[in-house]
Structure formats: structure tokens, C-alpha cells
Amino acid sequence: MNLSLEGRQALVCGASQGIGLAAAQELAGLGARITLLARNEQSLKSALDTLPEVSSGSHDYAVANFSKSNDVAEVAKSLVKSHDFDILINNTGGPAGGPISEANSSAFVSTFEQHLLCNHKLAQALLPGMRERGHGRIVNVISTSVKAPLQNLGVSNTIRGAVANWSKTLANEEGKNGIRVNNVLPGATSTSRLQGILEAKALKTGKSMDDLRNVMIGAVPAGRFGQPEEIGSAIAFLCTPAADYISGINLPVDGGRTASL
């Protein structure tokens with residue numbers, strides 16, 4: 001099985017921590033040169049030090065605020081002048097939870113910009129180079145809510161579904177150019193995002209964090225939360241030659257929690 005990414009260059013978003021950083025580490029471990037993209041420069045510098053060295057050159061980073069898609073687009077346009085990106089990992093933090101009936105319209109607008117528009121503008125910046133080289137891999141980190149909406153995550157469920165349909169459309173359009181587009185759908189994963197969800201739920205319900213955590217784990221056939229590196233491994237695999245014939249899929253990495261096929 002060919003898992004080598006020697007000579008490839010990857011732009012990894014939300015890469016200063018959690019799943020984004022884990023994906024960057026896995027990609028670098030397979031030989032890819034990484035550019036980390038996130039909003040906190042100090043965190044990016046720290047993250048850069050955790051990446052394995054590669055023979056194709058040094059890793060680097062760029063700062064971008066994903067709440068402003070035009071700023072993200074400008075950073076991407078600047079980066080492609082000096083980088084031949086073969087891989088794009090779209091990943092950014094999710095919105096606050098809550099019932100959809102209580103969501104303000106502004107929450108949908110801001111989340112749409114942070115997720116779909118940023119993904120779209122990053123892809124637009126990188127696609128010309130990928131087409132020219134006849135090779136590209138785009139992996140979008142979304143959520144298992146794409147297959148089955150999650151309780152109390154109304155805004156997220158809505159926008160994640162839009163991203164999944166955008167991704168499938170892009171996969172169909174770009175397949176002829178040697179570009180593969182796929183989605184990884186993490187389940188409950190031990191990240192700061194999960195911690196925030198548990199804390200908010202504990203505050204709202206008055207239940208203990210341990211009780212809420214145990215209920216969530218009880219819904220996972222594997223009997224535990226996932227680890228960021230497990231999600232990162234799935235992301236990295238979809239970028240390797242071994243996955244050349246995989247495109248347009250939603251891949252749950254959730255310990256079996258999602259009930260649908």
C-alpha cells in the first residue's frame with residue numbers, strides 16, 4: 001500500500017490544536033510539507049515545533065481569521081505564489097450549541113461564512129494549481145451530523161449539511177482534473193470543542209460533567225471518545241495514493257456511534 005506523501009505540500013486549516021494539528025502531524029509523518037493556518041500566531045509557532053521534519057523542505061505557517069472569509073482568501077492567494085499545494089484540509093471550530101428554534105439569524109450567517117465560504121475561497125485559490133499539476137486532494141472536516149442531525153446543535157447541523165453538498169458537487173466537477181474531494185466526519189473526540197459542549201450542557205442542565213460524559217460515551221459502541229490523532233490518520237489516508245479512487249464520500253470516524261449506514 002502506497003502511503004507516501006513525499007514531495008507533496010499541504011495547507012492545513014485550524015491547525016494550531018486539536019484535529020487540525022493532529023492531521024498536520026500525520027501528513028508530515030507521511031512526508032508532506034505543511035503550512036499551518038489559524039488565527040493565533042503564538043499557538044501556530046508552538047504547533048510548528050511538533051511537526052516531523054521532511055526531506056522536501058521546512059514547514060511554515062500563516063495567520064488568518066476564519067470569521068472573515070475575504071481575509072482568508074487574501075492569505076491563500078498570497079501563499080499560492082510561493083507554494084504548490086497538492087492538499088487542502090478545511091477545518092475550523094464549530095458554532096455554539098442550542099436548539100435551532102432559538103438560533104438568531106446572525107448565527108447562521110456567521111457560521112456559513114466561517115465554514116462554507118472559507119472552504120470555498122480556499123479551494124478557489126488552490127484549485128488552479130492543482131488542475132495545472134493534475135493532482136489535488138481536498139478533505140473537509142465536518143461532523144457526523146451530515147448523516148444524522150445531532151441534538152442541540154441546530155446551527156451546526158444546518159451549515160454542516162450545506163458544506164457536505166458543496167463538497168460532493170466539487171468532487172463531481174473536479175474528478176476529471178485528478179482532484180479528489182472527501183469529507184471526514186468526526187464523532188465525539190477529546191478536544192477543547194467537546195469540553196466546551198460538555199461545560200455548556202452542564203451549566204444548562206445542572207448535571208455533572210462526569211454524568212454527561214458517561215452518557216455520551218454510552219452511545220458509542222467503541223465505549224470511548226475518539227482521539228485527535230485517530231481523526232488525523234483518516235484525513236491523512238484520504239490524501240495518499242492508496243486512496244486515489246475514493247472521492248465524494250462522507251467518512252464517519254466515530255467509533256460506530258452514527259446509526260445510519
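## Packing of helix 3 and helix 4

In this predicted model, the axes of helix 3 (residues 69-79) and helix 4 (residues 105-133) come within 9 Å and cross at roughly 20 degrees. Helix 3 is therefore roughly parallel to helix 4, a label given to angles under 35 degrees. Axes are lines fitted to C-alpha atoms, for helices over the stretch in contact, and angles run from 0 to 180 degrees between N-to-C directions. Helices (H or I, at least four residues) and strands (E, at least two) are DSSP runs, numbered from the N terminus.

The crossing of these two helices is right-handed, the near helix being turned clockwise from the far one by less than a right angle. On the helix 3 side, Ser-69, Asn-70, Val-72, Ala-73, Ala-76 and Lys-77 meet Glu-113, Leu-117, Cys-118, Lys-121, Leu-122 and Ala-125 of helix 4; contact means heavy atoms within 4.5 Å. By class, this contact has seven nonpolar, two polar and three charged residues. Ala, Val, Leu, Ile, Met, Phe, Trp, Tyr, Cys and Pro count as nonpolar, Asp, Glu, Lys and Arg as charged, and the others, Gly among them, as polar.

## The sheet and its helices

Seven strands form an open sheet in the order 3-2-1-4-5-6-7, with parallel pairing; two strands pair if DSSP finds at least two bridges between them. Strand 3 (60-63) and strand 7 (250-253) are the edge strands, each pairing on one side only. From one strand to the next, the twist averages 20 degrees. Strand 1 (residues 9-13) and strand 4 (residues 87-90) run parallel and are joined by three bridges, with Ala-10 opposite Ile-87 in strand 4.

Helix 3 packs on the sheet, where it touches strand 1, strand 2 (33-38) and strand 3, and its direction makes about 150 degrees with that of strand 3. Helix 4 lies across strand 1, strand 2, strand 4, strand 5 (136-141) and strand 6 (179-186), and runs at about 170 degrees to strand 4.

Phe-237 belongs to helix 8 (residues 228-237). Its relative accessibility is 30%, so Phe-237 counts as partly exposed, the class between buried (under 20% relative accessible area) and exposed (over 50%), with a 1.4 Å probe and protein chains only.

Leaving aside residues up to four places away in sequence, Phe-237 touches Met-1, Leu-3, Ala-242, Ala-243 and Ile-246. The C-alpha atoms of Phe-237 and Leu-27 are separated by 8.5 Å, although these residues are 210 residues apart along the chain.

## Basis of the values

Residues are numbered from 1 along each chain as its sequence is written, and side-chain values use heavy atoms, with hydrogens and water left out. For this predicted model, local features need pLDDT of at least 70 and side-chain atom pairs count only at pLDDT 80 or more, whereas totals for chains, interfaces and linings use all residues.

Key
Angles under 35 degrees count as roughly parallel, over 145 as roughly antiparallel, 65 to 115 as roughly perpendicular and the rest as oblique.
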